[in-house]
Amino acid sequence: MVGYQHRGKTTFIKKIIENLREVNVETAVLKHHGHGGKPDIINLKDSHNHFQAGAAASLVEGDGTIELLGNLKGGASITELIKLLNLFHPDVIIIEGYKQENFPKVILIKEESDLSLLERLSNVQAAVAWPERLERTRNHASVPVFPLNSDQFFSWFLEQI
C-alpha cells in the first residue's frame with residue numbers, strides 16, 4: 001500500500017486487516033517510516049526505557065503477545081524484515097510504504113498530484129481513489145481502480161491472495 005503522507009494508508013490497511021480477520025486470514029504489516037529519522041517512541045513502559053537506555057533490542061512477552069524494539073546496525077533490507085515477520089506465520093504480509101521496492105503495489109489517490117505515482121512506480125496492481133478523484137483516476141490508470149469506501153477492493157484483494 002503506497003501513497004503520499006496523509007492519504008489514509010494506515011486507516012485503509014486497518015480496514016483490510018479487519019476484513020481479513022473475518023475470513024480467518026492472518027495478517028502481518030510492515031510499515032516504512034518514510035518521514036526521516038527514527039519512529040517516535042512515546043510510551044514510557046519498561047521495555048521502552050530499556051531501549052532508550054541503550055539496549056540493542058528490548059523484547060517483552062505477555063500472554064502470547066510480544067513487543068519488540070531494536071536498533072539494527074546498518075539497517076535491514078525489506079527482505080530481512082519480511083523474514084522477521086514470517087516468524088509469526090501470517091497468511092498475508094501487507095507492506096505500507098516502500099514505494100521504490102518492486103513488490104506489488106496498491107496506490108491510494110487523494111489529490112490530483114497523486115496520479116503521477118501511477119506512472120512513476122513499478123509493479124502497480126491497483127489504485128484506490130477518494131470519491132473526488134475516482135473518475136480522474138479511472139481515466140488515468142491502466143490498472144483496476146476502486147472507490148475508497150466500498151467493498152469492491154476487498155473482494156478483488158481476496159481473489160489476488
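Reader: Where does Thr27 lie?
Author: Thr27 lies in strand E1, residues 27-31. Strands (E, at least two residues) and helices (H or I, at least four) are DSSP runs, numbered from the N terminus. This is a predicted model: local features need pLDDT of at least 70, side-chain atom pairs count only at pLDDT 80 or more, and totals for chains, interfaces and linings use all residues. Residues are numbered from 1 along each chain as its sequence is written, and side-chain values use heavy atoms, with hydrogens and water left out.

Reader: Why does Thr27 count as buried?
Author: Because its relative accessibility is 18%. Buried means under 20% relative accessible area, exposed over 50%, partly exposed in between (1.4 Å probe, protein chains only).

Reader: What does Thr27 touch?
Author: Ile17, Leu20, Pro90, Val92 and Ile94, not counting residues up to four places away in sequence. Contact means heavy atoms within 4.5 Å.

Reader: Switching to H3. Which residues are buried there?
Author: In helix H3 (residues 78-86), Ile78, Leu81, Ile82 and Leu85 are buried. They sit on the same side of H3, because they cover an arc of only 100° around the axis. That arc is taken from the directions from the helix axis to the C-beta atoms.

Reader: What covers them?
Author: The cover includes E1 and strand E4 (92-96).

Reader: Now the open sheet. What is the strand order?
Author: E5-E6-E7, three strands with parallel pairing. E5 (105-109) and E7 (145-147) are the edge strands, each pairing on one side only. Two strands pair if DSSP finds at least two bridges between them.

Reader: How many bridges join E5 and E6?
Author: Five, in the parallel sense; E6 is residues 124-129. Leu108 has Val128 in E6 as its bridge partner.
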